[in-house]
Amino acid sequence: MNTKYYYYVAILSRGDSKIHVKGTYSTTKDDFPLQEVENHILENCTFIIDSIVITFYKEITKENYKSYNNEQ
């Protein structure tokens with residue numbers, strides 16, 4: 001299976017509070033797995049949020065993915 005690597009930016013909100021998060025995600029799916037990434041964010045979030053809006057995503061190289069995640 002061919003693995004694809006993505007960089008994403010999302011806005012998390014709770015009431016009037018909003019924060020931006022950036023991260024990476026790898027998948028063997030053909031396209032960006034929106035629901036999987038939202039679940040990934042929820043699993044790693046340390047506070048309760050009302051909504052997630054993924055505002056940007058881009059396919060990146062395996063080397064960029066490793067660099068971002070300090071896996072070199």
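Q: I would like to begin with Glu 38. What is the nearest side chain of opposite charge to Glu 38, and how far away is it?
A: This is a predicted model, and the reading applies to that model. As a general idea, side chains of opposite charge can pair when their charged atoms come close. In this case Glu 38 is buried and has no salt bridge. The nearest side chain of opposite charge is Lys 29, 13 Å away.

Q: Where is Glu 38 found, and which residues is it in contact with once neighbours within four places in sequence are left aside?
A: Glu 38 is found in helix α1, which covers residues 34–44. With those neighbours left aside, Glu 38 is in contact with Ile 52 and Ile 54. Strand β3 spans residues 51–60.

Q: With which residue does Lys 29 form a salt bridge?
A: Lys 29 forms a salt bridge with Glu 36, and their closest N and O atoms are 2.6 Å apart. A search of the whole structure finds 1 salt bridge.

Q: Where does Lys 29 sit along the chain, and what does it touch?
A: Lys 29 is in the loop between β2 and α1. Not counting residues up to four places away in sequence, Lys 29 touches Lys 4 and Glu 36. Separation in sequence and separation in space can be read side by side here: Lys 29 and Thr 3 are 26 residues apart in sequence, with their C-alpha atoms 7.6 Å apart.

Q: Now the strands. How many bridges join β1 to β2, and how many join β1 to β3?
A: Strand β1 (residues 4–14) and strand β2 (residues 17–27) run antiparallel and are joined by 11 bridges. Strands β1 and β3 also run antiparallel, with 9 bridges joining them.

Q: What phi does Gly 15 take in the hairpin of β1 and β2, and what is the phi of Asn 70?
A: Most residues other than glycine have a negative phi. The hairpin has 2 residues between its strands, and there Gly 15 takes a positive phi near 65°. Asn 70 has a positive phi of about 50° although it is not a glycine. Asn 70 is found in the segment after α2, the helix of residues 62–68. Because its relative accessibility is 71%, Asn 70 counts as exposed.

Q: What about the other end, where Asn 2 is found: is Asn 2 buried or exposed?
A: Asn 2 is found in the segment before β1. Asn 2 counts as exposed because its relative accessibility is 61%. Leaving aside neighbours within four places in sequence, Asn 2 is in contact with Thr 27 and Thr 28. The C-alpha atoms of Asn 2 and Thr 27 are 8.5 Å apart, while 25 residues separate the two in sequence.

Q: How many helices and strands does the protein chain have, and what pattern does it follow?
A: The protein chain has 2 helices and 3 strands. Along the sequence the pattern is β-β-α-β-α.

Q: Which numbers describe the protein chain as a whole?
A: Its C-alpha atoms fill a box of roughly 40 × 25 × 20 Å along the principal axes. Of the 72 residues, 31% are buried. Among contacts with a separation of 6 or more, 59% come from residues 24 or more positions apart. The protein chain exposes about 5200 Å², and carbon and sulfur atoms supply 46% of that area. As for charge, there are 8 positive and 10 negative charges, and their mean positions are 5 Å apart.

Note on methods:
Residues are numbered from 1 along each chain as its sequence is written. This is a predicted model: local features need pLDDT of at least 70, side-chain atom pairs count only at pLDDT 80 or more; totals for chains, interfaces and linings use all residues. Side-chain values use heavy atoms; hydrogens and water are left out. Two strands pair if DSSP finds at least two bridges between them. Helices (H or I, at least four residues) and strands (E, at least two) are DSSP runs, numbered from the N terminus. Buried means under 20% relative accessible area, exposed over 50%, partly exposed in between (1.4 Å probe, protein chains only). Contact means heavy atoms within 4.5 Å. Accessible areas come from the Shrake-Rupley method with a 1.4 Å probe; for residues, only the protein chains shown count as cover. Lys and Arg count as positive and Asp and Glu as negative; His and the chain ends are not counted. The place of a charge is taken as NZ of Lys, CZ of Arg, CG of Asp or CD of Glu. A salt bridge is a side-chain nitrogen of Lys or Arg within 4 Å of a carboxyl oxygen of Asp or Glu.
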